[in-house]
Amino acid sequence: MEYSCSAYELKCNECGRRFGNRPLSGCPDCLAPLEIVYDLEAARGTFTRQAIQAGPFNIWRYAALLPIPEGFQPDLPVGFTPLIRAKNLGKRIGATNLYVKNDAVCFPTLSFKDRVVSVALANAQKFGFDIVGCSSTGNLANSVAAQAARLGLKATILVPADLEPAKILNTQVYGARLVRIDGNYDHVNRLCTQIADEYAWGFVNVNLRPYYAEGSKTVGYEIAEQLGWRLPDNVVCPMAGGSLIRKIRKAFNELIYLGLVEDKPVRFFGAQATGCSPISQAVKQGLDYIEPQRPNTIARSLAIGNPADGPAAAKMILSTGGWAEDVSDIEIVSGMQELAETEGIFTETAGGVTTAVTARLYAHGRISPDDITVVCITGNGLKTTDAISGQYREERAVRPRIADFDEYLRELDASTEPELATAGASLAY
Amino acid sequence: MPIKIKVVLPTAFVRHTDGQKQFDSAATNLPGLIADIDQTFPALSTQIKDEGGKLRRFINIYVNDEDIRFLGGETYAFQDGDEVMLIPSIAGGCC
């Protein structure tokens, strides 16, 4: 199926200058990030509930408001991930109307990055790039590698050298050229801007970034549609660069503008790890700028010390009446365990951050128990198993005899109760 | 004793430097470098500074791979042979 979308082009966030459609990372005049803007009036006829519901169960049902080239024929069913009612987690943290948007199962590589990459690579092909690349903390690397393989593009991917082994393997398996950089993500990112400057490659988060970032909007569209075409009261979102939280709001605003949902205030809450919390600190101090940090946290996918979208994210959070919080590495592990134990969702460290922050927001009265609150889980725990290794004891093997099994259960009952009381206890957020 | 630092620019800036992607400066700190750019490449100066004369917030300054803010920002004293890079900030990361 071929999709057509509304007219769109690049626009500078700061000075408002427009640039048509081309691979461009920032405004050549004032250096600010560029954003895709649409002819929303023209979209009134095509971006309707009926048209969307007639589409496939993936992000392409929202193609009318995505920046995809004329004649684009997507064949990967990315997105439309579950929005589940999280009653058990809610009970544990004092929430009665809690939902989890579960992108830990997003296709094809188990993180929300699959959404952004599918939009970015559609444009990479349009712009004629044979080689695509990215700087990544892991999930983006996985997604670019997988989708480039399917599209027949070569991929060169740069990551911090200390990345989780599963994320490295999950990039290499698709045949991508993986370059480990001796530095943190901010070092990698800086190098990639220089490479994009020198090489004619399509870097999804550099010169293709405005297109790439728009893929995040589909999280917002899906939340509204899955709630029965209504908006939640609150959204809790992990923040690394600070892009996703803003794009979800953009999606909500577009739905309101086009009359697909009723207008209502939605508060946005950001989640970070204390070991890398520049946006959270800006929110807490009411700053309109970011003090960069040197990341030191197990939540490596959120470990961006100098987030480009940070000032805008902090400003947006405060303007909606929301808040941002950050949690320790111990709380992150506990958050991963709590989400898994209560809702059967195994999330990566970023999801542990989001779950733990959500618990704290309820505990501190930042969110009312009855509010409709959506927690965004953006990646899968199988990629960061090292974060929780050692948390569970290695069981001895039992001989295949019922008497041995009975004995084993008796041993287990005798030994695990006190242990569980300590290890499995919820943290006092 | 005078020092010499190497200043490296992104391609987006070279339209204001007669095509030069790098130049040498004897500036001893960031304010000195900005003053040098004011003098030598006034068009570039206009691009990297806002209406209030401050460096635009979308520009990052690196000294030998390190963000200058971690080195003390404007108080950092350039060392002879330092490589100073001006790089626009970009987005990235998990979300």
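**Exercise 1.** In this predicted model, work out how much area chain A and chain B bury between them, and which residues supply much of the share of chain A.

*Solution.* Start with the total: the two chains bury about 2800 Å² between them, and 55% of it lies on carbon and sulfur atoms. Finally, count the contacts: 43 residues of chain A touch 27 residues of chain B.

**Exercise 2.** Find how many salt bridges link chain A and chain B, and check the pair Lys21(B) and Glu198(A).

*Solution.* The count is six salt bridges. For the pair, the closest N and O atoms are 2.8 Å apart. The cut-off is 4 Å, so a pair at this distance passes. Now ask which elements of chain A face chain B: helix 7 (185-198), helix 8 (209-214) and helix 10 (243-257) each give two or more residues. Helix 7 of chain A gives the largest share, eight residues. By type, the side of chain A that touches chain B divides into 19 nonpolar, 14 polar and 10 charged residues.

**Exercise 3.** Is helix 14 of chain A mostly covered or mostly uncovered?

*Solution.* Locate the helix first: residues 349-363 of chain A, 15 residues in length. Then count: 14 of its 15 residues are buried, so with buried meaning under 20% relative accessible area, the helix is mostly covered.

Terms used. Residues are numbered from 1 along each chain as its sequence is written. Chains are lettered from A and ligands numbered from 1 in the order in which they are written. This is a predicted model: local features need pLDDT of at least 70, side-chain atom pairs count only at pLDDT 80 or more; totals for chains, interfaces and linings use all residues. Side-chain values use heavy atoms; hydrogens and water are left out. Helices (H or I, at least four residues) and strands (E, at least two) are DSSP runs, numbered from the N terminus. The expected span of a helix is 1.5 Å times one less than its number of residues. Buried means under 20% relative accessible area, exposed over 50%, partly exposed in between (1.4 Å probe, protein chains only). Contact means heavy atoms within 4.5 Å. Buried area is the accessible area (1.4 Å probe) that two parts lose on being put together, summed over both. A salt bridge is a side-chain nitrogen of Lys or Arg within 4 Å of a carboxyl oxygen of Asp or Glu. Ala, Val, Leu, Ile, Met, Phe, Trp, Tyr, Cys and Pro count as nonpolar, Asp, Glu, Lys and Arg as charged, and the others, Gly among them, as polar.
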